Structures are given as structure tokens and as C-alpha cells.
Amino acid sequence: MIYTCTLNPSIDYRIEADQLKLGHLNRANISTFYPGGKGINVSRVLNNLDTENTALGFLGGFTGKFIVDYLNGEEVNHSFVSHDGPTRVNVKLKETDRETEINGVGAKISNESREALIEKIKMLKKGDYLVLSGSLPTSLEFSYYKELSQICYENEVSLIIDISYPELKDLLQYRPLLIKPNKEELNQILGKELTTIEEILEGGQELQRLGAQNVMISLGGEGAAFVNEKETLIAIVPQGKVKSTVGSGDSMVAGFLSSYMKSLNIEQAFRYSVAAGSATAFSHDLCKREEVENLLPKIQIKHYKL
Ligand SMILES: Nc1ncnc2c1ncn2[C@@H]1O[C@H](COP(=O)(O)OP(=O)(O)O)[C@@H](O)[C@H]1O
Ligand SMILES: O=P(O)(O)OC[C@H]1O[C@](O)(COP(=O)(O)O)[C@@H](O)[C@@H]1O
């Protein structure tokens, strides 16, 4: 069974406008609310790809209730720990040719809620997968991620980690099945300024040597790079009209996992993953299965010799 864990979920309030002017009254052309947070997005995409999973994490208040209702409406399984105070709202602004995001800080998590989630993670069994994704609410320390990762490692639960903290390096000792930094995150983790595809792949190799089994580096409209002990791959994505890239990275994680679980074939899973990321970029909401499968033949995968 796949579980996702979102410690800091959100409602994503998405606004589309032609051109925003700071310091002025702006009016939106379209405004919509979606459940957000990385693990929740992974769960929704897995569901769209007919891959059974359960979303875990923290939710609270009227915003948390919106997320629960939305997930119920889509028949996404979930088992959140509830807390006092509302789940945050993240603002996503889409103009004709640029995207701006303002992510909130997140709710205060009590010790009781903190422990309740740990108990849920302890229930996961050998052979299960846990996707640990997204930021920490300010009341939790990075050591919480370490604690959750260690439990999974000891219980032989495969970890997939997608977080924007340079301390990700400290979690590689738990041998995650997959990590998915984007280029900026890779540079932050390694404290380097990698730009060429060769440098990026070598950066991926460095993280692989530190313990990650598979490293997928997302490169936005330039595609993605992939490294494991045996393979070095790059993916080139087709051009298309970008509607919103919010959730593209999460869709990649879901696409990889959904395909990998069925085939255990890395190249196939990488292609599926990139198709899912791009399918989300080309749609308003997260990708649907048909959109991903239509893009599959248009993704070019190349083996790269370092
Ligand atoms: N402009 C784009 N055109 C096509 N695909 C895109 C575009 N932006 C993102 N994607 C797809 O989404 C994936 C993840 O995007 P990226 O922005 O790197 O992730 P993150 O949101 O985690 O930073 C990319 O690898 C690619 O497949
Ligand atoms: O937890 P963080 O790092 O603040 O990120 C949360 C945000 O990331 C998202 O999960 C989207 O992530 P990606 O675009 O990287 O896939 C949003 O739904 C959410 O608002």
C-alpha cells in the first residue's frame, strides 16, 4: 500500500489575471480553490492513475474541512490527524507569462497531534511505500522528518522524499527509494551552482552515493534528469501551453510510483513520471490518466554517458 504524508497541507487559492500590479487594486479573471500540499497532490494524482493509496498528515479548522470534503468527493482515502486552528491557505498567482506563489506558514501542531501521527506511521508494514513531501509547519523541527524516516527504514517501508530543505542530505542514510529535487533544490543541498546537464547528473550521482536509490531532478520546461547506480537518463518534454505548473513536481512523484510499482522498470517509470509532470503543467488542475498517456509517446528519453 502507498501512503502519502503531508505535514503542512494547504488550500491553494489560484488566481488568474492578465497582469498584476503590486500596490494597486487587481481583479482576477478566474479564481479557484484546490486542496494543496505536496503529499495531498501526490495522493490525488495516484487516484487519477487508479493507484490505491491513503493520504496522511495534519489538517485542522474550516480549511481542513474543505480538504477532507474535496478528497471525499474524489474518493481519495485519507486518515489525517486533526489539530486546532486552520490549515494554511497558499496563494498562486498566474499571469499571462509568469507564476508567483505565496505559501503560508502553517498551523501550530500540539505534542499530542505530533505523537498521534507517529503512531500512524508506526502501523505501516514491510513492503509499504511512504511519500514524505513538502514543508514543515513552523512548530515542527526538521528532526521530526528524521524520526519518521527512521521508523520507515527500521520497518522496511520504502521512502520517497520530496522536500525543499538542504538537510535532506541527513535523510539519505535511510536509503530512500526516490528523491526528487528540482535544480534549485539540488544546488542548495550540495551548496553548488550546477548548470549544465552533465553537472546536474553528477550532482545526482553525489546524492545517490550518499544513499538515495534513485534521484530524479526536475528541470521545469527543460524536462528532467535521472540517476541511479546503473542508469543515467535525461528526458526532453514536448512544448505545450502551460496553464499552471502548481503540482507538476508532485505529479512526477505520483507518476513514477504508480508506474514503478507495476513494472519495476526504471526507464518506463521515469517516462511516465515526466509525462505526468508535463500533463499537469498543461492543465488547470492535476493531470488525469488519459492526459498522461497521450503525452507518453512525446517524451524523449536518452541514455547519457558521464
Ligand atoms: N513549461 C513546462 N513545459 C512542459 N513541462 C513542464 C513545464 N514545467 C514543468 N513541466 C513538467 O513538470 C515537471 C516538474 O516541474 P518542476 O517545475 O521542475 O517541478 P517543481 O514544481 O517540483 O519545481 C518537469 O520535469 C516537466 O516534466
Ligand atoms: O509545503 P510547501 O513546500 O510550502 O509546498 C506546498 C505547495 O506545493 C504544492 O504542493 C505544489 O508543489 P509542486 O508545484 O512542487 O508540485 C502546492 O499544492 C502547495 O501550495
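Sorted by class, the shell around ligand 2 holds one nonpolar, 12 polar and five charged residues, where Ala, Val, Leu, Ile, Met, Phe, Trp, Tyr, Cys and Pro count as nonpolar, Asp, Glu, Lys and Arg as charged, and the others, Gly among them, as polar. This is a predicted model, in which local features need pLDDT of at least 70 and side-chain atom pairs count only at pLDDT 80 or more, while totals for chains, interfaces and linings use all residues. Residues are numbered from 1 along each chain as its sequence is written, ligands are numbered from 1 in the order in which they are written, and side-chain values use heavy atoms, with hydrogens and water left out.

Ligand 2 is surrounded by 18 residues, each with a heavy atom within 4 Å of it, and the closest are Asp-12, Lys-38, Asn-90, Ser-135 and Gly-247. Polar side-chain atoms approach oxygen atoms of ligand 2 at 2.8 Å from Asn-90, at 2.9 Å from Lys-92 and at 3.0 Å from Asn-103, polar contacts being pairs of N or O atoms within 3.5 Å. Of the 490 Å² of accessible area that ligand 2 has on its own, the protein covers 87%, areas coming from the Shrake-Rupley method with a 1.4 Å probe.

Turning to the whole fold, the protein has nine helices and 15 strands, taken as DSSP runs of H or I with at least four residues and of E with at least two. Buried residues, those under 20% relative accessible area, make up 53% of the 306 residues.

Technical notes: A polar contact is a pair of N or O atoms within 3.5 Å; within protein, one must be able to donate a hydrogen and the other to accept it, and residues adjacent in sequence count only if both atoms are side-chain atoms. Buried means under 20% relative accessible area, exposed over 50%, partly exposed in between (1.4 Å probe, protein chains only).
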